Amino acid sequence: MAMRTDSTELLERRPRELLRPRADRGQIARVTQSAATVLGAHMATGEVAGWFAERAAAIHFRVDRIPFGELDDWYFERVSGNLAHRSGRFFRIEGMRVSIDGGAARREWCQPIIHQPEVGILGILAKEFDGVLHFLMQAKMEPGNSNLLQLSPTVQATWSNYTGVHNGDGVKFLEFFTDRRRGRVLTDVLQSEHGAWFAGKSNRNMIVETVEDVPEDPDFRWLTFGQLGELLRVDNLVNMDARTVLSCCRLDSAQSVALHSDTEVLSWFTDVRSGLRKQSDRVPLAGLPGWVRRPAAVEHVQGRYFRVVAVSVDAGNREVRRWTQPLIEPVGRGVVAFLMRRVAGVPHVLVHARAEAGYLDTVELGATVQCVPDNYAQLPIAERPRFLDLVLSADPARIRYSAVHSEEGGRFLNAESRYLVVEVDETPDLVDPPPEYRWVSLGQLSSLVQHNHYVNVQARTLLACLHTMIDLP
C-alpha cells in the first residue's frame, strides 16, 4: 500500500471552520453604519471648528517664501541642475521627458517632477464607541495648505519620516500600522499620488481597528464616517491623505446591476492600458526645454502649468519644528468633476482612463474632467479638455456636490481644486462617450479602488465624497 504523506492527511483532517467568506459582510455593514451616523460619541460635528481654532492658537505655525539660496541642506547639483537634499534622502526635483502614443494621437512634453521612489503610510485608526465605528483624525499642519491646518489621517508619514531620517520625534500611533498584533486590518491598498507631479510615488492606504485603549492627545479626535462626510462639504478642511484613505472603505451597496458588467469594464480598462505606449525618461532639470530657473522659482517660459518654489517652515507640533524645502505651486485652481447620470435609477459616473507623466502603469481611472482651466483659457474649444465647458457652465440645480479641497500639502503650495459632481441628462455624446471614457456605477468604482493603481487620487477624493452623499439612492 502506498504511503500517505503527512500533508495529505493534514488536508483531509483540516476542518471546514478554517474557511471564511472572501468578503466580511459584517465589517462592511459596520463601516456603512458609521457612514450613516452623524452624531459622534466624542465630539459633535459643529465642535470641530472650535477644536481647530484652539489648536491653531495653541501652536505656532509660519510659512514664508524664500529664494533658493536660503534653502538649508538643499542645493542644485552642479551638472544636472537637479534640486536635491545633501543627505541624499527625502526627495529630488528632476526633469522628465514624456511621450505618449495612443495610435492616432501622440503627445510629447518636458517638465520638472518630484522623484521620491518610496512607499509612505497613510493610516486611520478605527475603534468602536457605543456600537459605532469611529475614526481617529488629526489636526495637522502642512506647509503647502493655504490655511495650514487640516483634518488628516491618524498617521501620515513618508518612509523617511517613519524610519527617522529627519532625526525628529517619532510618529504618533505608528505602531498600530506596523505591528499587526495591535489591531485588525479593515483596508490596506497601495495607491498612487498625483501622477502629474510625482514620479512613481505610492502610499499604503490603511484603516486598522483596535480594541486597545488609545492615549488621548489634543491634536487627535474620534469622528464617525458620517461626520467626516459632513466635513467633506466644507472647503479646505479634510486633507487629501484623509480623503484617499476614506475612499478605500467598502460600503454596502444595493447596486447589484450596472450599465456594463464588471468584466466589460475591466476589459475596456485593460484595452486602453494596452493600447497606449508611454515613455517617461528622467532628464536633467538644467536646460529643460520650455522651463527656466530664476532666483526664487523654476517656471514655464509661458507662465503656465506650475512652478517650483522654496519655503521656510516653523511648526510647533510636527516631528521636526523648523525646516526649509522646495514645493510645487500650480498657476491656478483646478477643476475635478464627475459627470453623473442615472441609468434606470442607478447612479453612474463617467470615468476617464488618463495617462500622466509619473504613473507606474500607463493610465489610471480619473474623473470626467481634471485640469487647471487657466492653462486652456486662450485655446479654441476644440483644444480644451473634453467636457470642461459642460462642467463650467452647469446649471447650479444640477450640481450634486461642490467643495474646494487642497491637494497634498507636504509637497504642493496652494494647490487647490474645486471638486464637483454634476448630474446630466442622456444626450448622444454622453450616452456614447469617446473611447477613453466609460460609465461605471458607484459600486463598481468602489470595487475598482480596492486594486493598486487603478483609480487616481483625484477620483478617489470624489469617491470619498460620494460614499456619504445622502441625496443619492
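Notes on the predicted model

1. Of the 473 residues of the protein chain, 55% count as buried, where buried means under 20% relative accessible area, exposed over 50% and partly exposed in between (1.4 Å probe, protein chains only). This is a predicted model, in which local features need pLDDT of at least 70 and side-chain atom pairs count only at pLDDT 80 or more, while totals for chains, interfaces and linings use all residues. Residues are numbered from 1 along each chain as its sequence is written, and side-chain values use heavy atoms, with hydrogens and water left out.

2. Twelve helices and 25 strands make up the secondary structure of the protein chain; helices (H or I, at least four residues) and strands (E, at least two) are DSSP runs, numbered from the N terminus. The radius of gyration of the protein chain is 23 Å, close to the 23 Å that the globule rule gives for 473 residues, so the chain is as compact as a globular protein of that length. The radius is taken over C-alpha atoms, and the rule is 2.2 Å times the number of residues to the power 0.38. Along the principal axes, the C-alpha trace spans about 75 × 65 × 55 Å.

3. Of the contacts in the protein chain with a separation of 6 or more, 73% are between residues 24 or more positions apart; contact means heavy atoms within 4.5 Å. The accessible surface of the protein chain comes to about 21300 Å², and 50% of it belongs to carbon and sulfur atoms. Accessible areas come from the Shrake-Rupley method with a 1.4 Å probe; for residues, only the protein chains shown count as cover.

4. Which residues touch the most other members of the largest nonpolar core? In this core of 78 residues they are Leu 151, Phe 225, Leu 228, Phe 338, Val 349 and Tyr 401. Helix H12 (residues 457-467) supplies the largest share of the core, six residues. Apart from this core lies another, of 23 residues, which include Phe 68, Cys 110, Phe 306 and Ala 310. A nonpolar core is a set of buried Ala, Val, Leu, Ile, Met, Phe, Trp, Tyr and Cys residues joined through side-chain atoms within 4.5 Å. In soluble globular proteins, nonpolar side chains tend to be buried together.

5. Tyr 401 is in contact with Leu 232, Arg 233, Tyr 419, Leu 420, Val 421, Leu 462, Cys 465 and Met 469, leaving aside neighbours within four places in sequence. Thr 461 is in helix H12 and is buried, with a relative accessible area of 1%. Not counting residues up to four places away in sequence, Thr 461 touches Arg 243, His 405 and Tyr 419.

6. In helix H3 (residues 48-58), the buried residues are Val 48, Trp 51, Phe 52 and Arg 55. Seen down the axis of H3, these residues fall within an arc of 100°, so they line one face of the helix; the arc is that of the directions from the helix axis to the C-beta atoms. Ala 49 and Ala 57 are exposed on the other side of H3. The packing partners of the buried residues of H3 are strand S1 (61-66), strand S7 (132-141), strand S8 (149-152), strand S13 (220-223) and helix H6 (225-231).

7. Helix H8 (residues 262-275) has 14 residues and reaches 20 Å from its first C-alpha to its last, close to the 20 Å expected at 1.5 Å a residue; the expected span is 1.5 Å times one less than the number of residues. Its buried residues are Val 265, Trp 268, Phe 269, Val 272 and Arg 273. They cover an arc of only 135° around the axis, which puts them on the same side of H8. The face turned away from that side carries the exposed residues Thr 263, Asp 271 and Ser 274. The buried residues of H8 pack against strand S20 (346-355), strand S21 (363-366), strand S25 (437-441) and helix H11 (442-448).

8. Asp 73, in the loop between S1 and strand S2 (74-76), has a phi near 70°, a positive value in a residue other than glycine. Asp 73 is partly exposed, with a relative accessible area of 44%. Asn 414 lies in the loop between strand S23 (399-406) and strand S24 (416-423), and its phi is near 50°, a positive value in a residue other than glycine. Asn 414 is partly exposed, with a relative accessible area of 35%.
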